[in-house]
Amino acid sequence: MSSSYDVIVLGAGGAGLMCAGMAGQRGKRVLLVDHAKKAGEKIRISGGGRCNFTNLHAAPDRFLSQDPHFCRNALAAYSQLDFIALVDRYGIAYHEKTLGQLFCDDSSQLIIDMLLSECREGEVDLRLKTDIVGVERAASGFLVETSQGVFSAPALVAATGGKSIPKMGATGIGYDIARQFDLDIVPTRPGLVPFTFDPALKERYAPLSGVSVEATVATGDISFREALLFTHRGLSGPAILQASSYWREGEPVLINLAPDCTIYDLLTEARQERPRSECSTILAEILPKRLVSDLTAHLHGKSRMADQSNKSLKALSDAIQSWQVVPVGTEGYRTAEVTVGGVSTGALYPKTLEARSVPGLYFIGEVVDVTGWLGGYNFQWAWSSGAAAARALAG
Ligand code: FDA
C-alpha cells in the first residue's frame, strides 16, 4: 500500500521548498521529503547566517553550464525581482552588501520561515528525518520508498542538491536517480572553493596567512576582481572562490595583487623623487605591511629606492602584478559552496526542468548542471528552477 500525492519533491532545500510551496498553492497535493532534521539547512548557514538570497544582476552570464543559455528561460520567468517581491511581502529587511548582493539584515532563518510558511499555505506534507530508500517507475507514475513508508505520485521532483558539505547531509542521490533513468551527468567538481598549495608553496606563503588584499584573479579567459585571502592551506577570499569554479587541475592562476596601479611606474617614479625612502615604505602605501615585508625580504641591506636597479624593480612589480601560481588542488567538497556540473541540461526542458525522456520526472536547483557565481546567484537558480517546475506541474 502506498500513500499517493500529485507531486513528490525530494529535498527540502531552497529549490525543493520553493517548488513544493508554489505547486501546493496551485492546488497540487505535495509531499516534500528530506532526511535532515530541519528544512533549508544551507539557507540557514549561508551568507554568514544572513543569507545572500539573490543578486540584483542575476542574468545567464553569471552561471556556468555546458549550455550557457539553458538557465535563461527559468531566470526570466521567475527573476530576482519576483523573489524580492516575496521577501518584501513578508516584511523581511535586507540590504545590498556589494556587487548587487542582497543579504537579510537579521537572520537567514527569516527566509526559511518564509518558505515554510509558503509551504503551509500550500498544505504541503513536509516529512523530515525521512530516508529515501529508492525510486521506481510505476504505472501510476513514481513510487518512492522511504523510511516512513512508500509514496506514489505521477510527478517526481529531485531537488536533492549537490555534493558540497557532506557533513550537512549532502548526498549524490539526485545524480543516482538521473543515472537510474539513463539521463546524462556532466562530471561534477567542487566550485566556489579555496585553493590549496603543495607543501613547498604552503611553507613559502604560510607567514602570510590571514593577509587580505583586493586582487584580480584570472584562470583561462575569465578574471574576477574581489578580495583575496592568504590561508594556512593556500588561497581563499571571494576572488579565489569565483575563479575556482572555472579552474581545472594543473592550470596556472594569474594574480594581480595591486589592480589599481602600474607598480613598475610607481616604483621608478619613487626612485626618482624619493631616493632615500625604503622600498617597503613606498609599497606599504598600497599593500598590507605583512605582504610588503614578504615581497621585500630578499633586498636585505639594499632596501632604499636609490639602490634598486630597473631589473630589481621589474622583478618586484612582476611578483605583485603577474604572480602566476599553480594550486595543487582545492579544499574539495568539504568546504565547497557549490557543485559544478550535474544533471545535463541537454536531458531537461529549459522551461519546465522536466526530463525530456521521462515524463513527470523533474530536476531543479544545484543538482542540475547550472552553477552560479558567488553572490546570491545559486539561490536565485534554486528559486527560479523551483518555480519553473512548480508552474509546469500545476499549470
Ligand atoms: P540544497 O543542498 O540546499 O538542498 C538539498 C536538500 O536535499 C537538503 O535539504 C538535503 O538534506 C536533502 N537531501 C540530500 N540528499 C538526500 C537524501 N539522500 N535523502 C533525503 N534528502 C536528501 N548560495 C547563494 O546564492 N548565496 C549564499 O549566501 C550562499 N551561501 C552558501 C554558504 C555555504 C556554506 C554553502 C555550502 C553554500 C552556499 N550557497 C549560497 C549555495 C547554496 O546554498 C546552494 O546552491 C543551494 O542551497 C542549492 O539549493 P538546492 O535546494 O538545490 O540544494
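Analyst: Gln101 belongs to strand β7, residues 101–104, where strands are DSSP runs of E with at least two residues, and helices runs of H or I with at least four, numbered from the N terminus. The model is predicted, so local features need pLDDT of at least 70 and side-chain atom pairs pLDDT 80 or more, whereas totals for chains, interfaces and linings use all residues. Residues are numbered from 1 along each chain as its sequence is written, and side-chain values use heavy atoms, without hydrogens and water.

User: Is Gln101 buried or exposed?

Analyst: Buried means under 20% relative accessible area, exposed over 50%, and partly exposed in between, with a 1.4 Å probe and protein chains only. Because its relative accessible area is 8%, Gln101 is buried.

User: How far apart in space are Gln101 and Gly376, C-alpha to C-alpha?

Analyst: In sequence, 275 residues separate Gln101 and Gly376. Their C-alpha to C-alpha distance in space is 6.1 Å.

User: Which side chain has an N or O atom 2.7 Å from a nitrogen atom of the ligand?

Analyst: A polar contact here is a pair of N or O atoms within 3.5 Å. At 2.7 Å from a ligand nitrogen atom lies a side-chain N or O atom of Thr171.

Methods
A polar contact is a pair of N or O atoms within 3.5 Å; within protein, one must be able to donate a hydrogen and the other to accept it, and residues adjacent in sequence count only if both atoms are side-chain atoms.
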